[in-house]
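Subject: Structure handover

Hello,

Please find the structure below, with notes on what was found in it. The notes go through one part at a time.

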Amino acid sequence: MLRIQNLHAGIEEREILKGINLTINAGEVHAIMGPNGSGKSTLASVLAGREAYEVSQGSVDFLGKDLLELAPEERAGEGLFLAFQYPVEIPGLSTTNFIKTALNEVRKYRGEEPMDSLAFLKMMKEKMAMMEIDQSLLSRPLNEGFSGGEKKRNEIFQMAMLQPKLAILDETDSGLDIDAIRIVANGVNKLKSKDNAVLVVTHYQRLLDYIVPDFVHVLYNGRIVKSGGKELALELEEKGYDFIKNEIRAAEEVNQ
Amino acid sequence: MNDGLSAIEKTVLTDYKYGFVTDIEADEAPKGLNEDTIRFISAKKKEPQWLLDWRLKSYRHWLKMEEPAWANIKYPPIDFQDIIFYSAPKQKINPNSLDEIDPELKRTFEKLGISLEEQKRLTGVAVDAVIDSVSIGTTFKEQLGELGIIFCSMSEAVQEHPELIKKYLGSVVPPTDNHFAALNSAVFSDGSFCYIPKGVRCPMELSTYFRINAENTGQFERTLIVAEEGSYVSYLEGCTAPMRDENQLHAAVVELIALDNAEIKYSTVQNWYPGDKQGKGGIYNFVTKRGICMGDHSKISWTQVETGSAITWKYPSVILKGDHSVGEFYSVAVTNNHQQADTGTKMMHIGKNTKSRIVSKGISAGVSNNSYRGLVQVNRKADNARNFSQCDSLLLGDKCGAHTFPYIEVKNKTAVVEHEATTSKIGEDQIFYCNQRGIDTETAVALIVNGFAREVMNQLPMEFAVEAQKLLAISLEGSVG
């Protein structure tokens with residue numbers, strides 16, 4: 001589904017990603033872990049197409065298309081979804097109206113008819129029950145005055161409505177208490193299928209207790225330095241990121 | 001954040017959809033302004049002597065007045081001798097039925113989305129159609145007449161209801177009020193007259209559609225609405241003009257009078273030609289609008305969506321004379337490219353327990369300048385006056401300007417006056433968030449702007465709210481890249 005090869009990218013001339021290689025297949029859950037400043041959020045932003053980031057080398061293939069050639073809204077149309085670490089507020093714009101516009105824009109991109117209000121409301125009711133989200137939240141202006149937990153739940157609700165092929169969760173657990181993490185993770189788990197994939201970007205292992213990954217990758221200094229199964233996350237949790245740093249330092253010394 | 005926004009700034013030419021010209025023979029006054037011009041207009045309209053005298057008096061006063069220079073707008077001096085002050089399509093004026101209207105004119109209004117064929121018209125909206133200096137027809141007149149409601153052109157009202165015109169014309173905006181009001185009083189041509197009798201709730205929206213068509217012509221309409229005791233009316237005006245390289249002057253006067261327990265809701269969707277991307281052409285919109293809550297428990301509410309004009313200078317105001325009267329002002333003003341707007345309101349609290357509410361939303365894009373200017377005045381005897389003002393500005397890009405000039409004059413200690421103001425920018429983050437959900441940048445801006453203006457848009461009559469939302473989006477088309 002997604003194939004990243006030798007991806008180099010940065011911001012304002014500063015290289016942050018220094019050769020990322022990663023392949024994600026349908027039905028898989030991948031986790032990217034790493035200390036602060038390792039490039040986790042940069043990777044999420046580059047994949048979603050945030051303009052401030054410059055790609056200097058490498059390629060990203062998404063469902064047979066050159067992802068880097070597509071505008072952010074086209075990437076969304078192709079089925080890529082980013083659950084933001086910091087969802088933005090749009091005062092006065094009702095959350096329902098926003099989601100309806102997004103859904104119909106994506107449908108337009110795919111050459112489908114816009115969904116009528118009745119079908120939309122029916123779908124919304126279904127997903128609301130699934131995501132344990134309240135109607136009152138959706139009538140409010142987009143993310144305005146939402147608590148941290150409400151914002152993240154709203155992200156996952158949007159994911160449920162848009163039904164992406166690949167969902168990237170950027171630090172979705174940050175700022176959430178354990179109950180909120182559980183609700184958000186349950187939502188993600190309910191949306192998992194053999195046809196879609198999830199990329200979880202996180203600093204801490206705790207989210208992975210609830211969204212169990214098939215693969216864990218450790219990002220350090222702009223590169224994936226270690227990959228493994230879900231047990232790698234537990235090892236990181238136990239030993240801290242220093243153990244990775246030490247391993248790398250040792251390897252570099254050997255090379256010299 | 002700044003460099004991010006530069007990406008949102010690339011501008012392409014905005015598409016003004018109403019810029020066509022109707023090719024029709026016109027009956028015009030000679031260029032320029034002097035007493036003969038005024039006599040010409042008055043004679044064309046077969047006016048009584050008192051009205052001609054009123055016009056001439058206004059003109060003589062105007063000669064002694066200076067153009068106001070305090071607004072935050074810049075424009076070359078207006079050459080009043082280079083303007084045609086009266087232009088009317090050569091057709092039968094005051095047609096007996098709508099069928100007699102020149103088909104070319106009917107088509108013009110149809111192109112603008114205004115059908116004069118009543119049966120095709122939204123039931124619930126009566127229209128007076130004004131082109132240049134004359135009204136060409138008013139719909140639903142008979143139906144309204146059965147309720148005692150008068151809805152007709154100003155020229156017709158002068159003929160048919162002189163006692164009402166004599167009583168109320170200039171009673172809220174006297175000819176001496178300001179430079180443009182004096183000019184209008186001297187040369188005014190058509191506008192609408194509405195009279196709602198005691199206790200009648202007008203069952204449909206009344207509306208006037210103003211169209212400037214002729215070249216080198218100014219439009220100087222005059223609208224007067226009188227709501228008798230316990231009556232209610234909702235009125236809406238819309239306006240467009242052809243795209244021309246020269247600036248054209250529009251100087252209107254609107255007067256509203258609400259007696260005891262009466263309510264007038266006045267909405268404007270102003271979409272005069274704003275000029276091109278380089279700032280060439282466009283309408284100079286200098287308008288004086290004022291209402292008086294004459295009676296106790298009366299209410300006047302102004303709602304305006306201002307997207308057009310090269311220059312907008314207008315301050316729809318309310319004189320709160322009756323006790324417990326209420327004044328409201330809801331405004332969305334959009335400026336793009338080189339447009340300049342200096343707009344706001346005046347709320348004058350005179351009666352006891354009067355209330356006013358001001359909600360102003362300014363949206364600036366391109367290299368435009370958008371100013372809110374408002375006065376809240378509480379007189380010595382206006383016990384327990386209350387005012388709440390909210391002025392928000394939204395900037396697209398960093399070459400445009402937003403300004404707020406609130407004036408507060410309180411002479412009574414029991415008054416409570418509140419003022420809130422905010423300025424924000426459309427952020428790269430907001431746009432990207434929308435993009436990531438599949439929404440392109442243009443649609444994203446429309447969503448954000450409509451969200452920003454929602455409180456005001458909600459005040460518009462249902463029939464026009466959707467139209468106005470689209471208009472907001474169109475006005476900002478091309479302001480982002």
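Two strands count as paired if DSSP finds at least two bridges between them. With that in mind, B:I264 stands opposite B:I300 in strand β14 of chain B. Please keep in mind throughout that this is a predicted model.

Strand β12 of chain B

B:I264 belongs to one face of β12(B). This strand covers residues 263-270, and it pairs with β14(B), residues 299-306, in the parallel sense over 8 bridges. It also has a partner in β9(B), residues 232-240, where 8 bridges join two strands that again run parallel. In that pairing, B:C239 has B:Q270 of β12(B) as its bridge partner.

Is β12(B) enclosed or open to the outside? A residue is called buried if 20 or more other C-beta atoms lie within 10 Å of its own. By that count 8 of the 8 residues of β12(B) are buried, so the strand is largely enclosed by the rest of the structure. The burial applies to both faces: B:E263, B:K265, B:S267 and B:V269 lie on one side, with B:I264, B:Y266, B:T268 and B:Q270 on the other.

Strand β20 of chain B

B:G374 takes part in both pairings: it is the bridge partner of B:T345, and its own partner in β22(B) is B:P406.

In the loop between β17(B), residues 326-335, and β18(B) sits B:N337. This residue is not a glycine, but its phi is positive, near 45 degrees. B:N337 is buried, because 23 other C-beta atoms lie within 10 Å.

A helix pair in chain B

Helices α2(B), residues 35-44, and α3(B), residues 49-63, pack at an angle of about 150 degrees, and their axes are 10 Å apart. Angles over 145 degrees count as roughly antiparallel, and α2(B) and α3(B) are therefore roughly antiparallel to each other. Their crossing is right-handed. From α2(B) the contact uses B:E35, B:I38, B:R39 and B:S42, which meet B:L51, B:L52, B:R55, B:L56 and B:Y59 of α3(B). By type, the residues of this contact are 5 nonpolar, 1 polar and 3 charged.

Chain B as a whole

Chain B has 12 helices and 23 strands. It contains 481 residues, of which 56% count as buried. Of the contacts in chain B between residues at least 6 apart in sequence, 83% join residues at least 24 apart.

Where chain B meets chain A

The contact between the chains takes 18 residues from chain B and 23 residues from chain A. On the chain B side, α9 (428-436) and α10 (441-452) each supply at least two residues. Helix α9(B) gives the most, with 6 residues. The chain B side divides into 7 nonpolar, 7 polar and 4 charged residues.

Chain A

Chain A has an open sheet of 6 strands in the order β6-β7-β8-β3-β9-β10, with mixed pairing. Which strands stand at its edges? They are β6(A), residues 80-83, and β10(A), residues 223-228; each has a single partner strand, so one side of each is left without a neighbour in the sheet. On average, neighbouring strands of this sheet are turned by 20 degrees against each other, direction ignored. Helix α6(A), residues 148-162, packs on the sheet and touches β6(A) and β7(A), residues 166-170. The direction of α6(A) makes about 165 degrees with that of β6(A).

Within it, A:Y220 has A:R223 as its bridge partner.

Finally, A:E12 has a positive phi of about 45 degrees although it is not a glycine. A:E12 lies in the loop between β1(A), residues 2-11, and β2(A), residues 14-24. A residue counts as exposed if it has 12 or fewer other C-beta atoms within 10 Å; A:E12 has 8, and is therefore exposed.

Regards

Technical notes
Residues are numbered from 1 along each chain as its sequence is written. Chains are lettered from A and ligands numbered from 1 in the order in which they are written. This is a predicted model: local features need pLDDT of at least 70, side-chain atom pairs count only at pLDDT 80 or more; totals for chains, interfaces and linings use all residues. Axes are lines fitted to C-alpha atoms, for helices over the stretch in contact, and angles run from 0 to 180 degrees between N-to-C directions. Helices (H or I, at least four residues) and strands (E, at least two) are DSSP runs, numbered from the N terminus. Angles under 35 degrees count as roughly parallel, over 145 as roughly antiparallel, 65 to 115 as roughly perpendicular and the rest as oblique. A crossing is left-handed if the near helix is turned anticlockwise from the far one by less than a right angle, and right-handed if clockwise. Two residues are in contact if their C-beta atoms, placed from the backbone, lie within 7 Å. Ala, Val, Leu, Ile, Met, Phe, Trp, Tyr, Cys and Pro count as nonpolar, Asp, Glu, Lys and Arg as charged, and the others, Gly among them, as polar.
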